[in-house]
Amino acid sequence: MTELQALWLPILLSSVIVFVVSSVIHMAPLWHKNDYPKLPNEDRITDALRPLAIPPGDYLIPRPSSREDMRSPEFAAKMKQGPVMVFTVIPSGPMSMGKNLVLWFLYSAVVGLFAAYVAGRALPVGAAYLHVFRFAGTTAFVGYAVALWQMSIWYHRAWRLTIKATVDGLIYELLTAGTFGWLWPR
């Protein structure tokens, strides 16, 4: 077993590396450029929604009020007529990336912390690079990628987006695993 405090360097360095590489991936013009296409009649839709002052949050339309309502002919008609949507409303105003970037870095550090915990409980000081790579990498992959699959399963997020995010997660996992293997205490 390797103590968690002995793994602070790979936790932090893998977080920094993932942060930098993910920034490059998301700024590259080809990979994520068309993830969210422009909505037809965007101006008409935003003009229609603006007066409703929908507060920030996650919404489902139509939304049944109970299980009984979900089975009612009226609800079935709403589902058939459409539109059927799952959507998120974010606060209006200029988009500030600062908070998102800080949260992303903290998330990467938490993934690194879990990778350190699992690998540290399974492996001793001086463990072989590939053993560390396997434990830290598998844990990081679950944190960066597998958790996203449920959005496509339950909320119909485009599988194309989920697969792209999974590829991103695989890259982040490999970087995390490599960092842990490299900096594992000897």
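A polar contact is a pair of N or O atoms within 3.5 Å; within protein, one must be able to donate a hydrogen and the other to accept it, and residues adjacent in sequence count only if both atoms are side-chain atoms. Keep that rule in mind for D168, whose side chain makes such a contact with the side chain of W31 at 2.6 Å. The model is predicted: local features need pLDDT of at least 70, side-chain atom pairs count only at pLDDT 80 or more, and totals for chains, interfaces and linings use all residues. Residues are numbered from 1 along each chain as its sequence is written, and side-chain values use heavy atoms, leaving out hydrogens and water.

Stay with D168 for a moment. This residue is found in helix α8. Helices (H or I, at least four residues) and strands (E, at least two) are DSSP runs, numbered from the N terminus. D168 is buried yet has no salt bridge. Buried means under 20% relative accessible area, exposed over 50%, and partly exposed in between (1.4 Å probe, protein chains only). A salt bridge is a side-chain nitrogen of Lys or Arg within 4 Å of a carboxyl oxygen of Asp or Glu. The nearest side chain of opposite charge to D168 is K164, 8.0 Å away. For charge, Lys and Arg count as positive and Asp and Glu as negative; His and the chain ends are not counted. Which residues does D168 touch, not counting those up to four places away in sequence? They are I25, H26, W31 and H32. Contact here means heavy atoms within 4.5 Å.

K164 has a partner of its own. Its side chain meets that of D35 in a salt bridge, 2.6 Å from N to O. K164 lies in helix α8 and D35 in the loop between α1 and α2, so the pair ties together parts that are 129 residues apart in sequence. Both ends are buried: K164 has a relative accessible area of 13%, and D35 has 10%.

The count comes to 3 salt bridges. One of them joins E42 and K38, with the closest N and O atoms 3.2 Å apart. E42 is partly exposed at 32% relative accessible area, while K38 is exposed at 65%. Another joins the side chains of D47 and R50 at 2.9 Å, N to O. D47 is partly exposed at 46%; R50 is exposed at 56%.

Now turn to helix α5, residues 97-122. At 1.5 Å a residue, its 26 residues should span 38 Å; its end C-alpha atoms are 37 Å apart, which agrees. The expected span is 1.5 Å times one less than the number of residues. Buried residues in α5 are S108, A109, V111, G112, A115, A116, A119 and G120. An α-helix has 3.6 residues a turn, so residues three or four places apart point the same way. What covers the buried residues of α5 includes α1 (8-27), α6 (129-144) and α8 (159-183).

The loops hold some backbone details. A cis peptide bond joins I61 and P62, with omega about -10°. P62 sits in the loop between β1 (57-61) and α3 (67-70). The bond from G82 to P83 is also cis, with omega near -5°. P83 is in the loop between α4 (73-81) and β2 (85-89).

N41 has a phi of about 60°. N41 lies in the loop between α1 and α2 (42-49) and is partly exposed at 48%. For A53, phi is near 45°. A53 lies in the loop between α2 and β1 and is exposed at 58%.

Finally, look at S66, in the loop between β1 and α3. S66 is partly exposed at 30%. A polar atom of its side chain lies 3.0 Å from the backbone nitrogen of D69.
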